[in-house]
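Me: I am new to this structure and would like to go through it by question and answer. Please show it first.

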Amino acid sequence: MKSMKYATAIGAGLAAALAMAAPAGAQDTVSMGVVSFLSGPAAGPFGVPARNGAEMVIDAINSGSLPAPYNTKGFAGATIEADFLDEAGGNTKQVAEYRNLVQKRGVDVVVGYISSGSCAALAPVIDELETLTILAICGTPRVFEEAPRKYSFRTMAHATADNVAAALYIRDMFPEIKSYTGVNQNYAWGQDAWRDFNLTMNKVMPNAKASDKLQFPKIFAGQYGSEISALALDDAELVHSSFWDGDLEGFIFQASPRGLFKNKKVLFTVGGTAAYRLGKRMPEGLIIGARGPYGILVRDRDTELNKWFIQTYFDRYGTYPSGPAYQFGQAILATKIAYDKAGAAAGGFPTQAQVIDAYTGLEFESFSTTVKMSLGGGHQATTENPLGITYWDADAAEVAVKDVKFYPAECVMPPDGETSVEWIEKGMSGAKC
Amino acid sequence: MNLALTILVEGLGYASYLFIVSLGLTIIFGVLKILNVAHGAFYAWGAYFCAFLIGEFSAMGVSDLGTMIAIPIAALVVGIVLGSAIERTIIRNLYGRDEVLIVLATFGLFLVLEDVILLLFGVDPYFAFQPTYAMPGVQIGGIYQDGYKLSMIALSLVVGIISWVVLNRTHWGKLVAAIIFDSDLAVAMGINVRRVFYVVFVAGAVLGALGGAYIAPTISVAPGFGVEVIVLSFAVVVIGGMGSIAGAAIGALMVGMLRAYAVLQWPEIELFVVYAVMAAVLIFRPEGLFAPAKARKI
């Protein structure tokens with residue numbers, strides 16, 4: 001009897017040790033939480049396209065129908081089981097929802113988050129709960145600059161790239177500009193965006209002066225009559241704005257009849273998300289970015305992956321993909337690549353630690369650009385960043401962009417180990433433009 | 001001079017829609033003693049239904065200016081149908097109840113109505129820009145102001161005058177005044193108080209919906225945008241005094257003008273200024289600047 005007990009104990013111990021060492025156990029499914037705005041003012045322009053992009057890529061991965069070289073099924077062979085969750089409701093709710101996802105539902109990986117507020121609030125919680133989490137869109141550079149992160153990755157460039165590229169575009173395309181102002185939302189995203197743009201303008205166009213009547217309305221304010229008047233009365237020739245979500249579209253609707261876009265040059269660093277949605281009502285002559293090489297700015301990029309993404313999205317949802325669709329799709333794709341790479345190295349289904357190792361410093365060809373996880377110790381992506389100018393293409397009967405200029409990642413983002421502010425203030429030393 | 005004119009126009013524009021919404025809130029409180037947090041839902045429903053109708057009319061070939069007919073239709077339909085349903089099923093069970101219970105019940109109602117919007121209209125914002133693009137802009141103070149905003153100022157004037165006339169120069173106004181003075185005595189005098197309550201609640205709902213319907217063409221009509229207006233409307237009626245039409249007008253003007261001044265001259269204080277004034281009023285004159293005098297019962 002005693003020997004039986006010893007045998008059982010030894011067997012259990014061996015099983016536990018094997019499980020812990022475990023690279024290569026089989027796993028049929030990977031559970032994933034996908035979080036984006038599914039309600040509220042950010043849902044239509046951002047959350048829903050983001051969800052659609054993620055859903056489309058997940059389905060293609062599960063069926064093995066992505067273009068080569070990504071046409072293997074699943075994450076290291078395991079089918080993705082995705083739950084789509086709403087990011088609306090504020091940071092406190094997101095932290096609670098994240099804890100619920102990880103601790104109660106036990107998901108393997110979380111992908112998502114659009115708002116910088118969500119990411120800033122979640123970053124320490126992700127570290128605490130030690131679960132692989134991919135920040136798909138949120139822009140504030142602080143997430144990976146304020147502390148090293150082990151379990152989180154961001155698969156697109158942060159907001160510094162948008163605003164440095166925007167200032168360079170103004171220098172290159174409108175060197176005659178002598179003054180500028182800004183209208184940005186009053187939280188981390190808008191404050192950081194203006195700071196980076198203004199600091200860069202000070203370096204690349206030192207003769208251009210910033211206005212002292214900057215506008216920082218609160219997010220989702222909805223009405224901008226007074227702000228539009230303030231901008232119209234300001235002598236500044238250029239208006240910088242990082243508006244996104246319904247605020248961006250509402251601002252355009254309110255400013256258009258008042259001639260703001262005819263009297264000023266207006267730069268929207270996230271304007272690409274409004275282009276397809278507003279159609280002919282999208283004013284001509286706007287300088288727009290798309291938070292990287294996505295959406296309307298890469299419509300003509302002639303690669304197999306990009307053509308597949310545009311056509312599949314159009315066939316499925318009846319519209320062309322905007323930036324958020326690409327950005328969420330890219331996050332899912334990056335995660336597949338990391339799982340596959342880790343699985344191949346492990347000779348079977350990988351552990352989370354092995355996936356994290358594979359993710360760190362990953363470089364891959366995404367749907368519309370090359371992505372290098374080269375900042376934040378290999379956890380923060382860098383990509384090129386384009387801007388262009390809107391016009392109405394009468395032949396195609398749709399909004400298009402012209403004078404598109406792509407700025408390389410090494411030109412618009414700081415080197416690893418240096419914060420965005422330090423890098424810009426030092427004159428963007430080492431930038432390769 | 002240009003700056004002063006711009007502050008005046010922007011302040012009046014912002015005050016005008018706030019006044020229309022706050023007027024509905026304040027007359028409901030003044031007569032029914034119901035602090036209706038669900039008033040923001042009437043605003044949101046008015047905006048959604050109006051944006052939906054404008055889209056439909058536009059698709060049917062109605063001219064951009066002609067689509068404005070959607071505004072009164074949306075305000076009346078939402079105000080009468082939704083207002084009636086809510087008064088008959090929920091509000092009439094709250095008459096005379098504790099204020100905390102009323103606030104909680106109407107807040108719950110607000111959340112339900114917001115979710116029904118999501119269910120019916122979806123999460124995608126609605127655009128109903130046609131009327132704003134159809135109205136020519138006017139140069140005032142060196143900059144272009146849109147004609148639509150000026151029409152909103154005119155509408156709020158008309159609404160204010162009609163409300164004043166109805167309450168001060170008609171039989172109905174006398175009934176309402178009697179109920180405000182003493183509802184028990186009004187019942188004793190043979191006034192059908194429940195009927196007056198119903199009419200006043202529906203009128204307030206129509207005003208809330210009208211505010212939303214008129215603002216719809218200038219914004220991206222998206223889920224959740226009724227919250228902002230209810231907070232501002234409470235600020236307006238707290239400043240002006242609960243239950244006072246003049247108070248709602250002055251409160252809306254103060255909020256509109258202060259906000260316009262802050263945005264144009266001192267943007268850093270824009271988020272703070274409205275609530276600073278509200279706090280000051282609550283400290284020094286808690287009943288509001290124009291609260292109606294109350295009869296002392298012996």
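Reply: Two residues are in contact if their C-beta atoms, placed from the backbone, lie within 7 Å. Residues are numbered from 1 along each chain as its sequence is written, and chains are lettered from A in the order in which they are written. This is a predicted model, in which local features need pLDDT of at least 70 and side-chain atom pairs count only at pLDDT 80 or more, while totals for chains, interfaces and linings use all residues.

Me: Among the contacts in chain A with a separation of 6 or more, what percentage comes from residues 24 or more positions apart?

Reply: The count takes the contacts in chain A with a separation of 6 or more. Of these, the share that joins residues 24 or more positions apart is 72%.

Me: Is F197(A) buried or exposed?

Reply: A residue is buried if 20 or more other C-beta atoms lie within 10 Å of its own, exposed if 12 or fewer, and partly exposed in between, with C-beta atoms placed from the backbone. F197(A) has 29 other C-beta atoms within 10 Å, and therefore counts as buried.

Me: Which residues does F197(A) touch, leaving aside those up to four places away in sequence?

Reply: F197(A) is found in a helix of chain A that covers residues 188–204. Not counting residues up to four places away in sequence, F197(A) touches N163(A), A166(A), A167(A) and H240(A).

Me: How many residues of domain 2 of chain A are in contact with domain 1 of chain A?

Reply: The bounds, from an automatic or database domain assignment, are 26–158 + 302–382 for domain 1 and 160–292 + 384–425 for domain 2. Taken over C-alpha atoms, the centres of the two domains are 27 Å apart. Domain 1 of chain A contributes 25 residues to the contact, and domain 2 of chain A contributes 28.

Definitions and conventions:
Helices (H or I, at least four residues) and strands (E, at least two) are DSSP runs, numbered from the N terminus.
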